[in-house]
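Me: I'm new to reading protein structures. Could you walk me through one, feature by feature?

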Amino acid sequence: MAQPDSKKIFFENLSGAGKAIAVLTSGGDAQGMNAAVRAVVRMGLYVGAKVYFIHEGYQGMVDGGENIREATWESVSSMLQVGGTVIGSARCKEFRTHEGRLKAAHNLVRHGITNLCVIGGDGSLTGANLFREEWSGLLGELVEQGLIEASAVQKYSALHIVGMVGSIDNDFCGTDMTIGTDSALHRIIEVVDAIMTTAQSHQRTFVLEVMGRHCGYLALVSALACGADWVLIPEMPPEDGWEEKMCQKLSANRAGMKRLNIIIVAEGAIDHNNKPITTDYIKNLVVKCLGFDTRVTILGHVQRGGTPSAFDRILASRMGVEAVLALLETTANTPACVVSLYGNQSVRLPLMECVQMTQEVQKAMDEKRFEEAVKLRGRSFENNLKTYKLLAHRKPESELPTSNFNVAVLNVGAPAAGMNAAVRSAVRVGISEGHKMFAVSDGFEGFYKGQIKEFKWADVGGWTGQGGSLLGTKRTLPAKHVDKIAEQMRKHNINALLIIGGFEAFLSLLELLTARGKYDEFCVPMVMVPATVSNNVPGSDLSVGADTALNAITTTCDRIKQSASGTKRRVFIIETMGGYCGYLASVGGLAAGADAAYIYEEPFDIRDLQANVEHLTEKMKTSIQRGLVLRNENCNDNYTTDFIYQLYSEEGRGVFDCRKNVLGHMQQGGAPSPFDRNFGTKISAKAMQWISKKLVEAFRQDEGRVFANTEDSCCLLGMRRRALVFQPVVQLKEETDFVHRIPKEQWWLKLRPLMKILAKYKTSYDISDAGQLEHVVRNRPKESDASVAM
């Protein structure tokens, strides 16, 4: 629950003066931990607190000495893009003993530390909570032993704990995504995409083992993201006789001209008797029953390595800042909390409530209460499982409902990574619902030309990992050809439309809505799924394709900055896409560690540019060697990329030199990220289920046709904070700036001060969206069922 909008804190009022905050990473490492450490350090220094690193996790806290060092602004430079944890992590048996925690307490008191930010898994966070509960007793013992003064007990009377979950397994209840999970999925999908090319060449079956000893999240989501033939996870063991069913499925796919099979297995996969299912067992089974050439690949620690994804950097940076705010607001009676992600919003949850529910999952699995275990994992996990079952396993024709409805799906606007995953999902869900699915090539241009074809289940096989738009997409709007489109609707008896696209898709729906007055053919359910790299569609916080573009920007910025290593001080001016929407520049800047990002939504003048140059010049003189400035392509007609490049070059003369890069269409290309594959898949599935419901409601028995002309039969399905919401497009007109093709209000603008704080600017910081302490809810409200996070 957010705090009142009136609550805004400024640099001079947000005070951590006199406080000491320590940050440590514990347990297994995860990509993005460094981004969280960086955010804690810089936000802590921003509010005036002293910040300390505790190296080597709890072992460093117990050993003390050089393991506890004061952090500076410069000490976290250039660590945002580094995988693992640069301050080290170690499992510590000694901390599990009372004597070990006594030593740790003594070391903290010596540095005046009473605020701990712990980044780790449930074991690390449980240990931190125990330490907090014992704190006053430990101080009493230290006084008795003469190791600290009696006055220190009063001075350091309470230990405050805030946790952030760093775990690639995403096995912690209470949060949609843990730090490192998205990056691990990137590693898995990179491997799967590579393996699929060789598997196809030799008509092979590959059995891949991914991490997840007690949690099948990585296996499930990677199976969803690559369209795997079969997946095995510990939370949902296969039914008896699964071996035969699996072999039948593999055989049927080969018979349908598919040249490869992919089976994904979580390392903790079990059957109903809690007996492990190994990759070798599956390989031998396939070879024996089907005779297919089969190979096993165990990914292992590759999943933990590499640079963090854009999602993990942004998540960790947001969580790190939120953790410092939480520590500043704690009192002696505040329970230890964990900073968490729910939908698109940060929340704070009582640490032990989350830990207890996480432990309940394992208990349910041990006691073979598997359905309950899935529910306890949370809405994100449950939705992923439902969607995978819906898309991966085709029901026999005899079991399919017969609706006699025809549904058309088309892409409109510029291509975006994830569009193909959305089309695949729509086609397969539609077929499962009993509809005939028609695909329209080249958007509305293809529609009025009659480029319409019925799609079967197998026609969209292998589409999930393909970039661009396999259907073809154009920016053509329907208004000029509305009569011909109506004729095609009548000819093919189209009863509903699913449009996947960007701002042009939104405009198209409005035009079709207007055309209902003249053409009954458009009085059918119509829904839009936002898909554009610009993320400028009103009614949705996120669009399919934006995450892939962010990763392209982040990866390119990393390489560009690295190109300057070992040279003199250098600043890079980078131009991003987005039209008038500054999402890519702002959020890409946060993920890449930019010093400034110029956007249309936040007007700037020559004085602002000059102040930015001076700020960067000062930083270059004292610490950093490389600077990064992002500019949205349409942020200002006069302050062009060339102008900003020349200004920085001139004003920075003698301190740094400049280079410029225009990233261009590389932001639209490439294979979709795991996030976009899954977001496109799940949002499109939900849209098709809405269409099915509306078709039943709008069918007129007496006339034998579908007729829907109400506002709520023409909707956009978008992510709003914590939920996926269907919104009538006519109601979104008031929220839209049609001249500049952007929403009038955009949630991500609240992240811009965060980027500035982390770049050492003194700025106001709005905490109206900061989390307040909530409680873990077992069953979230139904309208929140679809998680934006994977």
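Predicted model: local features only at pLDDT ≥ 70, side-chain atom pairs only at ≥ 80, totals over all residues.

Me: Okay, how many helices and strands does the chain have?

Reply: The chain has 24 helices and 29 strands. If you draw a box along the principal axes, the C-alpha atoms fill roughly 90 × 70 × 50 Å.

Me: And what share of the residues in the chain is buried?

Reply: Buried residues make up 62% of the 790; the cut-off for that word is under 20% relative accessible area. The accessible surface of the chain is about 29,800 Å², with 48% of it belonging to carbon and sulfur atoms. Also, take the contacts in the chain with a separation of 6 or more: 79% of them come from residues 24 or more positions apart.

Me: Now the details. How do I describe two helices that pack together?

Reply: In general, two packed helices are described by the angle between their axes and the distance between the axes. The crossing of H8 and H9 is right-handed.

Me: Which residues of H8 and H9 meet?

Reply: From H8 you have Trp242, Glu243, Met246, Cys247, Leu250 and Ser251, and from H9 they meet Tyr281, Ile282, Leu285, Val286, Cys289 and Leu290. Sorted by type, the residues of this contact are 10 nonpolar, one polar and one charged.

Me: Where is Asn274 in the chain?

Reply: Look in the loop between strand E9 (261–266) and H9. Asn274 has a relative accessible area of 30%, which makes it partly exposed.

Me: What is the phi of Asp442?

Reply: Phi of Asp442 is near 60°, a positive value, and this residue isn't a glycine either. You'll find Asp442 in the loop between strand E14 (436–440) and helix H15 (443–449).

Me: Is Asp442 buried or partly exposed?

Reply: Asp442 has 24% relative accessibility, so it counts as partly exposed.

Terms used:
Residues numbered from 1 in each chain as written. Heavy atoms only, no water. Left-handed = near helix turned anticlockwise from the far one by under 90°. Helix = DSSP H or I, 4+ residues; strand = E, 2+ residues; numbered from the N terminus. Contact = heavy atoms within 4.5 Å. Nonpolar A, V, L, I, M, F, W, Y, C, P; charged D, E, K, R; others polar. Buried < 20%, exposed > 50% of the residue type's maximum accessible area, 1.4 Å probe, protein only. Areas by Shrake-Rupley, 256 points an atom, 1.4 Å probe, with all protein chains shown as cover.
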